[in-house]
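Here are a few friendly notes to read alongside the model. Please keep the structure open as you go through the points.

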Amino acid sequence: MKLSRVEALQGAIRRLKDGTTEQLFLEKELFNTEAGIRGERRLRKKFVEFYFPQGYEIIWNNCLSLNDWPVQIDGLLLTDDVAIVIESKNISGELHFDHVTGEFYRIDSSGLKTVMDSPAIQVEKHIRFMKAWFAAHSIRMRVDGLLVFTAKQSELKTLPLNIHTCRLHHMIELLFKIINNYKPQTNSQISLRYIKNLIESNQQAFLQKPLSLHYSIKPEQLKPGIYCKQCETPTIVKHTRSWRCTECGIVDNDSPIRAIHEYISLFGEPVSNHEIRKFIGINDRHTVKRMLTLDGFEKTGQKRHSKYFIKEKER
Ligand SMILES: [Zn+2]
């Protein structure tokens with residue numbers, strides 16, 4: 001039931017008043033998130049051209065952590081001689097890495113300049129992370145990285161100094177070049193399958209920070225109610241044994257739980273009965289209590305001080 005980032009953003013956007021700064025911010029964020037997902041999809045598709053008979057493993061969407069340091073790495077290619085961190089960025093326009101200032105910026109088709117966090121720094125960080133992660137698991141593995149720009153309408157005007165960077169079209173050839181830079185390791189001991197299994201068994205649920213942390217949204221700014229997934233309006237109401245939309249008539253018994261997850265994606269955990277009542281526009285605390293005790297939540301505190309978390313296995 002946990003909402004994806006896209007679902008969380010869509011949920012928040014429709015509850016905000018049209019045209020507010022917060023809504024525009026979130027719409028931009030939604031646009032970027034969806035562009036990122038499309039870019040990753042394109043990258044994975046391209047990977048079918050990676051024909052490497054010596055054997056390799058590729059692991060997509062890695063959520064790993066070392067102590068309290070979490071990372072999300074788009075792709076990790078494992079070969080006998082080197083592991084390569086692959087990051088995809090779907091940014092269109094003219095792209096510049098300024099070697100003097102270290103800045104990364106884009107100039108779009110209308111000539112507008114936008115400075116962004118440098119994705120090359122992110123790759124450097126992820127290389128450093130993977131080196132530390134392998135060391136912590138006693139695996140001798142060299143680590144390199146590749147930054148791939150997936151937008152069709154993008155032009156790389158300058159490249160970063162320390163990180164291999166290319167457009168998607170060039171990715172496979174550049175991967176081979178990087179691998180060829182590494183001399184075969186003597187007595188490389190552990191099988192790639194073993195390393196892959198180890199990485200997969202160490203995957204963690206990626207904890208999204210509540211949206212309100214970034215955009216300072218307050219509960220009062222949001223339209224209350226339970227939204228119908230079909231009509232996208234807060235028109236779900238409780239009937240004797242079911243939750244039904246007053247507009248289209250659809251029965252959707254998951255809708256109140258989805259609304260609780262919407263609240264959590266905005267404001268985090270734990271939540272109180274009172275907060276949820278206000279958010280979904282239902283006055284009856286017993287109805288809300290039933291929702292919070294039955295469906296994937298756990299309670300701390302007693303009676304009116306009760307607060308609720310999402311159960312670990314539901315994350
Ligand atoms: Zn409806």
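1. Let's begin with Ser-118. Apart from its neighbours within four places in sequence, Ser-118 is in contact with Phe-97, Gly-102 and Phe-104, where contact means heavy atoms within 4.5 Å. Ser-118 sits in the loop between β6 (113–116) and α3 (119–136); helices (H or I, at least four residues) and strands (E, at least two) are DSSP runs, numbered from the N terminus. Is Ser-118 buried or exposed? Ser-118 is buried, because its relative accessible area is 14% (buried is under 20%, exposed over 50%, partly exposed in between, with a 1.4 Å probe and protein chains only).

2. A word on what you are looking at. This is a predicted model, in which local features need pLDDT of at least 70 and side-chain atom pairs count only at pLDDT 80 or more, while totals for chains, interfaces and linings use all residues. Residues are numbered from 1 along each chain as its sequence is written, and side-chain values use heavy atoms, with hydrogens and water left out.

3. Now the sheet. Five strands form an open sheet in the order β1-β2-β3-β7-β9, with mixed pairing; two strands pair if DSSP finds at least two bridges between them. At its edges are β1 (57–66) and β9 (164–167), each pairing on one side only. β1 and β2 (residues 69–78) run antiparallel and are joined by nine bridges. For example, Glu-57 has Leu-78 in β2 as its bridge partner.

4. Two helices lie across this sheet. α3 lies across β1, β2, β3 (83–89) and β7 (143–149), at about 150° to β7. Helix α5 (residues 192–201) lies across β1 and β2, at about 45° to β1. For these angles, axes are lines fitted to C-alpha atoms, for helices over the stretch in contact, and angles run from 0 to 180 degrees between N-to-C directions.

5. Which residues coordinate the zinc ion? Cys-228, Cys-231, Cys-245 and Cys-248 do so, each through SG, at 2.1 to 2.3 Å (donors are N, O and S atoms within 2.8 Å of the metal, or 3.2 Å for Na, K and Ca; water is not among the atoms, so sites may look incomplete). Along the chain, the donors follow the spacing C-x2-C-x13-C-x2-C. The arrangement is tetrahedral because the four donor atoms subtend angles of 105 to 114°; four donors count as tetrahedral if all angles lie between 85 and 135 degrees. Cys-228 is buried, at 1% relative accessible area, whereas Cys-231 is partly exposed, at 27%.

Definitions and conventions
Tetrahedral: all angles 85-135°; square planar, octahedral: opposite > 155°, others 65-115°.
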